[in-house]
Amino acid sequence: MLEGLLEQLENTDYVPADVWQRLLSVTDAVSLAFISSRARDVARASFGTGVYVRALIEISSYCSRGCYYCGLRCANRTASRYRLTRQQILECCRTAAERGFNTFVLQGGEDAAMTDEWLAAVVGEIKALYPEKAVTLSVGERSFEGYTLLRKAGADRYLLRHETADDEHYARLHPASMNGEKRRMRLEWLKSLGFQVGAGMMIGSPGQQLHHLVEDLLFLDRLKPQMIGVGPFIPATGTPFENEPAGSAELTLLVISLLRLRFPHALLPATTALASLAQHGTLKGILAGANVVMPNVTPSEVKGKYTIYNNKKSTGTESLQGLRALEEELQSIGYHIDYGRGDYKTDNHV
């Protein structure tokens, strides 16, 4: 029975909701191990044993939004705020380039001080200095004109997790000023502009039921993003959900495996949230089918202030010593660091 369900996942144009529901309901260890092994084989067939590394630069902890789950929400008075200067961002890129990174990921809250024009100028300067390297942005919801400006400046990829595809559930996680349909529409905008696009969701967010995850997977199947980021919900101090239980690492790993089987060429990160929640979470994510890791190159004096959830893991893997340690960890499970840009192969859509 399981074999037949996985065949549908891998070889049909459309996967119905009941198939996703049954696969998400798998809990026995033997079946979970089988799914993980199959996903691992698919990832190796697409990417070999290389794991792409991206240099993560957390450019601002200011945010105008009030998402109930996020430690950076504007109403959180316990949050520590900082904003990197243009020069600090360029210095992070220089350090990352010296370490061999070929993708820079600029991530931040929706900081009104970092306007489209300012950010486009920074992106343009990065691309002028490092024309062969990829620039990924993860700076939230912006206008179509803003996205157009950033694309023209040279940004290659954009990460905008949809968080949940169910509008009622979205309303439970966000204030009334935010709208799930508008957020999903922005993912379509980004695709139309030629970005390599990343969507994704939290696993185990407050109020989430299995049917919500089914809706997420159906949405991703329609969108066909080039990157998909999934990680467990982890509560953050100073938010309405600070006392809610964390999501399940096991379910997160199952979702990664199912995504790998459905999207064999997608770029799937082993997220920091997974590494923060589960022992050896990064390695477990790779073994479940993930193929991207994002070491943090944010300046050490502010790195600890980007607290989107509690007990966020920071390993220092951006240093030469840390990268060697990451390489050794990957080698222990039969993998290695791949320093290539790791672009999505556009001729390999599902």
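Modeller: Two strands count as paired if DSSP finds at least two bridges between them. The model discussed here is predicted.

Biologist: Which residue in β8 does Tyr-52 stand opposite?

Modeller: Strand β1 covers residues 50-53 and pairs with β8 in the parallel sense over two bridges. The residue in β8 that stands opposite Tyr-52 is Val-292.

Biologist: What class of ring pair do Phe-47 and Tyr-52 form?

Modeller: The structure has nine aromatic pairs. Phe-47 and Tyr-52 are both buried. Planes over 60 degrees apart count as edge-to-face. The ring centres of Phe-47 and Tyr-52 are 6.2 Å apart and their planes stand at 85°, so this pair is edge-to-face.

Biologist: How many residues apart are Phe-101 and Tyr-339?

Modeller: Their ring centres are 6.5 Å apart with the planes at 80°, so this pair is also edge-to-face. Phe-101 is in the loop between α4 (86-99) and β3 (103-108), while Tyr-339 is in the segment after β9 (336-338). The pair thus links distant parts of the chain, and the separation is 238 residues.

Biologist: Is Tyr-339 buried or partly exposed?

Modeller: Phe-101 has a relative accessible area of 0% and is buried. Buried requires a value under 20%, and exposed one over 50%. Tyr-339 has 30% relative accessibility, so the class is partly exposed.

Biologist: Over the ring of which residue does the charged end of Arg-44 sit?

Modeller: Two arginines can be described in this way. The charged end of Arg-83 sits over the ring of Tyr-62, 4.2 Å from the ring centre. For Arg-44 the distance to the ring centre is 4.5 Å, and the ring belongs to Tyr-335.

Biologist: How many residues of strand β6 are buried?

Modeller: β6 pairs in the parallel sense with β5 (residues 157-159) over three bridges, and with β7 (residues 227-232) over six bridges. Leu-159 stands opposite Gly-198 in β6, and Met-202 stands opposite Gly-231 in β7. Strand β6 (residues 196-203) is largely enclosed by the rest of the structure, because the buried residues number eight of the eight.

Biologist: What is the phi of Glu-163, which is not a glycine?

Modeller: Most residues other than glycine have a negative phi. Glu-163 lies in the loop between β5 and α7 (167-173), and is buried with a relative accessible area of 6%. Its phi is positive, at about 70°.

Biologist: In which loop does Lys-224 lie?

Modeller: Lys-224 also has a positive phi, near 50°. At 23% relative accessibility, Lys-224 counts as partly exposed. The loop is the one between α9 (210-223) and β7.

Biologist: What is the volume of the second largest pocket?

Modeller: α3 (29-47), α10 (249-262) and α12 (281-287) each supply at least two residues of its lining. By class, the lining has nine nonpolar, two polar and three charged residues. The volume of the second largest pocket is about 270 Å³.

Biologist: Which of its 14 lining residues are closest to the centre of that pocket?

Modeller: The second largest pocket is lined by 14 residues. The closest to its centre are Leu-32, Ser-36, Glu-250, Leu-253 and Ala-288.

Key: Residues are numbered from 1 along each chain as its sequence is written. This is a predicted model: local features need pLDDT of at least 70, side-chain atom pairs count only at pLDDT 80 or more; totals for chains, interfaces and linings use all residues. Side-chain values use heavy atoms; hydrogens and water are left out. On a 1 Å grid over the protein atoms alone, a cavity is a set of points where a 1.4 Å probe fits but cannot get out, and a pocket is an open set with protein on both sides within 12 Å along at least five of seven lines; lining residues have an atom within 4 Å of a point. Grid points are joined across faces, edges and corners, and a volume is the space filled by probe spheres set on the points. Helices (H or I, at least four residues) and strands (E, at least two) are DSSP runs, numbered from the N terminus. Ala, Val, Leu, Ile, Met, Phe, Trp, Tyr, Cys and Pro count as nonpolar, Asp, Glu, Lys and Arg as charged, and the others, Gly among them, as polar. Rings of Phe, Tyr and Trp (its six-membered ring) pair if their centres lie within 6.5 Å; planes under 30 degrees apart count as stacked, over 60 as edge-to-face and the rest as tilted. Buried means under 20% relative accessible area, exposed over 50%, partly exposed in between (1.4 Å probe, protein chains only). A charge sits over a ring if NZ of Lys or CZ of Arg is within 6 Å of the ring centre and within 35 degrees of the ring normal.
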